[in-house]
Amino acid sequence: MNLDRIRKEIDRVDTRLLNLLNERMALVLEARRYKDQAEDPKREKALFGLLEERATRLVDKAFIGKIFEAIVSKSKALQDTDHRLVGFQGKHGAYSELAARAWDPETVPIPTTSFEDVFEGVESGLFDYGVVPVENTLGGSVDQVNRLLIRSDLRIVGAVELPVHLCLLALPETDHREIRAAYSHPKALAQCRLFLHRNRIEPIHFSDTAGAAKMLAEERPRGAAAVASKACARLYRLEILKENIEDLDRNVTRFVVLSRQTQDLEGHKCSVVFSTEHKAGTLYRVLEIFAGQGINLTRIESIPASPGEYAFFLDFLGSTEEDKVRSALEQARKVTSRFRLMGCYKEVRAS
Amino acid sequence: MEKLRLATCNGGEGKRTVIPVGDVRIGEDFVVIAGPCSVESEAQTLRTATAVKAAGAHMLRGGAFKPRTSPYDFQGLGLQGLKILEKAKRLTGLPVVTEVTDPRDVSWVCEYADVLQIGTRNMQNYSLLKETGKVRTPVLLKRGMYSTLKEWLHCAEYILAEGNPNVILCERGIRTFETHNRNTLDLGIVPSVKEISHLPIVVDPSHGTGRLSIIEPMCLAALAAGADGILIEVHCNPQEALCDRDQAMPPDMFQSLMEKLFHLQRAMTQVERGHIPSSREAPVAIH
């Protein structure tokens, strides 16, 4: 150990302290959804009691008291202001979080572990919105999300097209020559397969891109890297060994924003999901209606919903304010066994 | 020469190798590759890159991994230097030529550079040669400072034999009994290479002479001798250069060299076509 190395360790600890504080504040905002008011003296007393038990010679009671007074007072202040929470799957720095920020920078993104958590969180009122990926130019449709969309009653209130630029991230002291493996979500690894192959790096599956970056920073495995966003480099103090490692330039993921709200906002795009009877020409009849009205379809996808039944996703350009759209929707409802307008919304393209 | 199956013309009138890089075709166009000896900082590299681009250079050179005579000399910025070169390329559009010294770096340097350079000290580093033979990125192979043409071509053969057909030779001066200049630039090798090999050859008068005042005449001579291009060290502020200060050319001098090269190139085209400039303009012989 020398001073330089000790200082680097201190920097690492500080980064983690800040990330943990962020995590705490997000939890505080979630907790507010279950409380009538921010103030809770009983809980506060219990908390301080619990913390003081952990006092050590270096971190004594007085010091703990000072720090947590500041933390608790900030927590209460946050609970007293109105925040709109957006649930996303993954850790901070995930592409879903970047999409949420692109859609509305004023919202507070909250990480969850699964897509189910995002849907349930929005349904229960824990989150105001949820942001989930539906399709990617290289990887195709995100099955798990689309399956949840079939059954959900949530509305789509926005969409984001996010260009996905992957970075190879490593611990700052790692020699690039020693990198043997890269951790990331299988979809991200697939998008830079040629790059990894050229540089003889073995892809290792991880639950999500940002999670892989976080794991790298915390567990510091030898000879390892992570494939994740540029934002993760800053967040977890990692070095970008190479930017834009995706094999194709046009790598775009499309996200939708979910909400409980029922009224349609002004929009230029609509999404519907429907099923038809198992008979010849039923899908054609639906498409014919949209073609007849001169409506431009932007996506059509079929997903097996239950044995023998397919759910069809249809996106098109247009607004429910337009007569031709309203008429098409009305006609389509009549020739399908199940039909739901998921939403009429604005789609933004993030830079 | 019988073992030089791929590097020589083998007596036949085979096609000459032409290597497209960015907007230029090495082996067909006269290519000027200019830039600092080493990437010292982002500001220095971007300033120099902008200056050489403005003067009309076709490609940017700059070292990130520097094999130096002394281990205490500046060793280069490594991967950080490659990132700076990538930025300079984005800014100017100039393709990047940079040296690779370690076989483990080859794939990484390929991610950033358009042409890999193998330096004079590494000309016979066979594991490095083989590794660069496995990629398709063009390789600029400098002549070893003690090497004969035959030895040099055998090194090119190593790269070609591994499957990379894109080899550019670079004459950079050799060690002789003459010590007035840093090296003795062997321009005679240029037409010799042209006679027996199909590979393009460029000349590096910066290292070949090591002396700023004679770089320009040697650049012009290289063009006249039939070289396919020149590699030249330009620094936006030569006094502050961390390496090879005495041979770093300031941008204004480079600009004037580019103009002379342009005129000489036109004159050479005429001469090669048999159009001798009219007698009134031709210099009068003094008896």
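Guide: The buried residues of helix α2 of chain B are covered by, among others, strand β10 (239–242) of chain A, together with α1 (42–55), β4 (59–61), β5 (96–99) and α3 of chain B. This is a predicted model, in which local features need pLDDT of at least 70 and side-chain atom pairs count only at pLDDT 80 or more, whereas totals for chains, interfaces and linings use all residues. Residues are numbered from 1 along each chain as its sequence is written, while chains are lettered from A and ligands numbered from 1 in the order in which they are written.

Helices (H or I, at least four residues) and strands (E, at least two) are DSSP runs numbered from the N terminus. Helix α2(B) runs over residues 79–92, and its 14 residues reach 20 Å from the first C-alpha to the last, close to the 20 Å expected at 1.5 Å a residue; the expected span is 1.5 Å times one less than the number of residues. Its buried residues are L79(B), G81(B), L82(B), I84(B), L85(B) and A88(B), where buried means that 20 or more other C-beta atoms lie within 10 Å of a residue's own, exposed means 12 or fewer, and partly exposed lies in between, with C-beta atoms placed from the backbone. After the helix comes G93(B), which has a positive phi near 80°.

Contact between the two chains takes six residues from chain B and seven residues from chain A, two residues being in contact if their C-beta atoms, placed from the backbone, lie within 7 Å. On the chain B side, the largest share, three residues, comes from helix α3 (residues 106–112), one of the elements that also cover α2(B). That side divides into two nonpolar residues, one polar and three charged; here Ala, Val, Leu, Ile, Met, Phe, Trp, Tyr, Cys and Pro count as nonpolar, Asp, Glu, Lys and Arg as charged, and the others, Gly among them, as polar.

Helix α9 of chain B covers residues 251–272 and holds L257(B), which counts as buried because it has 22 C-beta neighbours inside 10 Å. Leaving aside residues up to four places away in sequence, L257(B) touches E216(B) and C219(B); the C-alpha atoms of L257(B) and E216(B) are 6.4 Å apart although 41 residues separate them in sequence. In the loop between β10 and α9 of chain B sits D244(B), a residue that is not a glycine and yet has a positive phi of about 50°. D244(B) counts as buried because 20 C-beta neighbours lie inside 10 Å.

The largest nonpolar core is a set of 162 residues, of which L169(A), A213(A), L141(B), A156(B) and I168(B) touch the most other members; such a core consists of buried Ala, Val, Leu, Ile, Met, Phe, Trp, Tyr and Cys residues joined through C-beta atoms within 7 Å. Helix α5 (residues 149–161) of chain B gives the largest share, seven residues. Not counting residues up to four places away in sequence, L141(B) touches residues including I118(B), M123(B), A156(B) and I168(B).

Chain A has 12 helices and 15 strands, and of its 351 residues 36% count as buried. Its domain assignment gives domain 1 (3–80), domain 2 (85–163 + 252–349) and domain 3 (167–242), with bounds that come from an automatic or database domain assignment. The C-alpha centres of domain 1 and domain 2 of chain A lie 39 Å apart, and contact between these two domains takes four residues from domain 1 and five residues from domain 2.
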